[in-house]
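Have the sequence and the 3D view ready.

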Amino acid sequence: MSEDIKQDLSLEQVIEHIRWDEAGLVPSIVQDSTTKQVLMMAYMNRESLRLTLESGETWFWSRSRQELWHKGTTSGNIQSVVSVAYDCDGDTLLVQVNPKGPACHTGEYTCFYNEITVEGQPSVSGQEDTPALSDRFAVLAELEEIIAKREVERPEGAYTTYLFDKGVDKILKKVGEEASETIIAAKNRDNDELRLEVSDLIYHLLVLLQERKLPLDDILDELSRRHERPRRD
């Protein structure tokens with residue numbers, strides 16, 4: 001079982017806390033642990049939950065085929081489990097994962113890619129006008145999500161795909177290069193150049209965080225903790 005999965009209860013105790021439906025199933029929402037985007041929803045039975053907890057990879061029950069299925073067995077798009085939780089009613093599971101490929105059989109990063117327009121609300125493509133993206137740092141969350149999709153989907157010709165294909169050493173080299181160029185721009189007192197170099201540096205840092213599966217939220221939480229920490233005179 002993955003070391004990241006915490007089990008305070010035995011499997012038998014967990015099973016007793018879950019409200020299985022008449023068919024012995026429970027809906028399971030799968031979420032990217034880094035971007036927090038919902039990837040898919042499938043059903044688990046007692047055996048698939050046991051296999052998920054023991055293997056550290058997602059297993060489900062196929063209602064159409066009436067059999068267990070291990071996500072990624074044929075496609076290679078396995079989902080490494082970070083955590084499993086059940087809701088207050090015990091009738092839904094939330095499974096946070098690090099995906100190794102697209103969640104959807106269509107090749108999409110998430111199964112929830114069909115947008116429905118809500119009256120009075122802008123579409124996702126126009127979401128820069130929504131309150132959530134009016135925050136001046138929202139572009140970082142958006143960029144983090146795009147980078148996560150690039151790692152999963154690996155579109156041919158994309159620079160981010162190139163970085164992930166080359167691996168962490170190449171990513172670290174680029175972080176070092178951009179940091180050096182940022183220093184040079186600052187020493188030259190050229191704010192136009194500095195703006196460009198800092199943007200490049202932040203992008204490559206986000207790629208590094210995705211490669212290491214360290215969410216940007218964790219960095220922001222650490223900064224918040226430091227800000228709240230009492231000053232020592």
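Helices (H or I, at least four residues) and strands (E, at least two) are taken from DSSP runs and numbered from the N terminus. What you see is a predicted model, where local features need pLDDT of at least 70 and side-chain atom pairs count only at pLDDT 80 or more, while totals for chains, interfaces and linings use all residues. Residue numbers start from 1 along each chain as its sequence is written, and side-chain values use heavy atoms, with hydrogens and water left out.

Start with strands β1 (residues 26-32) and β2, which pair in the antiparallel sense over 6 bridges; to count as paired, two strands need at least two bridges found by DSSP. Look at S28, for instance: A42 in β2 is its bridge partner. The β1 and β2 hairpin has 5 residues between the strands, and there K36 takes a positive phi near 70°.

How enclosed is β2? Of its 7 residues (38-44), 5 are buried, so the strand is largely enclosed by the rest of the structure. Buried here means under 20% relative accessible area, exposed means over 50%, and partly exposed is in between (1.4 Å probe, protein chains only).

Next, hop to the loop between β3 (59-62) and β4 (67-70), where you'll find Q66. Q66 isn't a glycine, yet its phi is positive, near 55°. With a relative accessible area of 52%, Q66 is exposed.

Last stop: K213, in the loop between α6 (191-211) and α7 (216-228). K213 isn't a glycine either, and has a positive phi of about 60°. Its relative accessibility is 22%, so K213 counts as partly exposed.
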